[in-house]
Amino acid sequence: MILQARFATVSLVVLIAALGFAASNAAAKGTGRIFVSNEKGDVLTVLDGATYEKVASIKTGKRPRGMKFNADQSKIYVACGDSDRIDVIDVAKLADVDHISDVPDPEAFDIDTAGKHLLVSNEDAGGLSVIDIAAKKQVATVKIGLEPEGVQLMPDQATVYVAAEASNLVSAVDVASRKVTATILTDQRPRRFALTPDAKQLWVSAEIAGMVDIIDVASNKIVDRIKFEPKGFRQDEIAPVGLVISADGKTAFVTLGHANHVAVIDVASRKTRNFILVGKRPWGITLSRDGKRLFVANGGSDDITIVDAGSEKVIKSVAVGRYPYGVLIDD
């Protein structure tokens, strides 16, 4: 009986410790911090996720633009275009701890789910680089078109789409063979992608055309176009670039560049239902994981605008660095 009691006590202690460890791990999954890449000044600005106060500035290579977390969100990869490299940010240390060199003019990229490869658009080189992360070197290049930017790896990891803005093309690339399997002629200057949660539609912003093209993934054909006409702006000021679709697949948000607004679109009807006034030249955009907050990088006013996604009302704007490009949230 004494032995059983002692065993029960030890088991209880182990269980409590395990639960405590699990709880601490759950709490540590995300800091809530907001990371903003600034094209000029060569820094990432880090904001507190609750107060929106600046907590750090992380020096990077020249012209930081696209950013992505690794799988466990312990690292952020940053495309530093004018340094021809990908920098590695330690999220816990808030420090630039490593970099992958000899990546020609990187701008946007995606990461495979295995965490083995970066798929990087090389704007000046007209290609898509495949980077072995562990070896820190380029292992393949796929010729795409002029000035490639947006990169979207499909959930099945079989196909990656790349937008070539100066060629008005989106290319579908087979990941295994690293061959272009389809080319899709888009409206003028395709920039970035957003994939619907069911992975059936790929939305691509067409900056100079002032619209979003919708690609049917099964056929690789454009099935619809959404044109933006906010009141009081000339057509050449309406320049959609960044876009994001909510996790429930119901709402899309698109930044409109020099039109200084974010368009709110009902995905089912493909109708614009609202325009939200933000800062100057909104560019990058992202949603918090819970879908409650929208973060917009305003390159012309050196700030980000935080929007209540439910009410579609601006909460506040926060100064960051010079020419903010993208926003990433550790949530």
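Which residue takes a positive phi in the hairpin of S18 and S19? Asparagine 220 does, with a phi near 55 degrees, and that hairpin has four residues between the strands. Strands here are DSSP runs of E with at least two residues, numbered from the N terminus.

Before going further, a word on the model. It is a predicted one, where local features need pLDDT of at least 70 and side-chain atom pairs count only at pLDDT 80 or more, while totals for chains, interfaces and linings use all residues. Numbering runs from 1 along each chain as its sequence is written, and side-chain values use heavy atoms, with hydrogens and water left out. The chain has a mean pLDDT (the predictor's confidence in each residue, from 0 to 100) of 92, and 91% of its residues reach 70 or more. Residues 1–28 have pLDDT below 50, and beyond near neighbours in sequence that stretch has zero contacts (heavy atoms within 4.5 Å) in the model. Where pLDDT is low, the predicted coordinates should not be read in detail.

Back to S18, residues 211–216. Five of its six residues are buried (under 20% relative accessible area, with a 1.4 Å probe and protein chains only), so the strand is largely enclosed by the rest of the structure. Strand S18 pairs (DSSP finds at least two bridges between the strands) with S19, residues 221–227, in the antiparallel sense over six bridges. In that pairing, isoleucine 215 stands opposite isoleucine 222. S17, residues 201–206, also pairs with S18 in the antiparallel sense over six bridges, and there valine 212 is the bridge partner of serine 205. The hairpin of S17 and S18 has four residues between the strands, and its glycine 210 takes a positive phi near 70 degrees.

Now over to serine 37, which sits in strand S1, residues 34–40. Is this serine buried or exposed? Serine 37 is buried, with a relative accessible area of 0%. Its side chain reaches the backbone oxygen of arginine 65 at 2.8 Å. Leaving aside neighbours within four places in sequence, serine 37 has contacts that include Val43, Leu44, Met67 and Tyr325.

Last stop: the second largest pocket. On a 1 Å grid over the protein atoms alone, a pocket is an open set of points with protein on both sides within 12 Å along at least five of seven lines, and lining residues have an atom within 4 Å of a point. This one is lined by 14 residues, with Asp112, His117, Leu119, Gln157 and Val175 nearest its centre. Strands S9 (117–122), S10 (127–132) and S14 (169–174) each supply at least two residues of the lining.

Terms used: Buried < 20%, exposed > 50% of the residue type's maximum accessible area, 1.4 Å probe, protein only. Polar contact = N/O pair within 3.5 Å; in protein donor to acceptor, adjacent residues only side chain to side chain. 1 Å grid on protein atoms, 1.4 Å probe; cavity = no way out; pocket = protein on both sides within 12 Å on 5 of 7 lines; lining within 4 Å.
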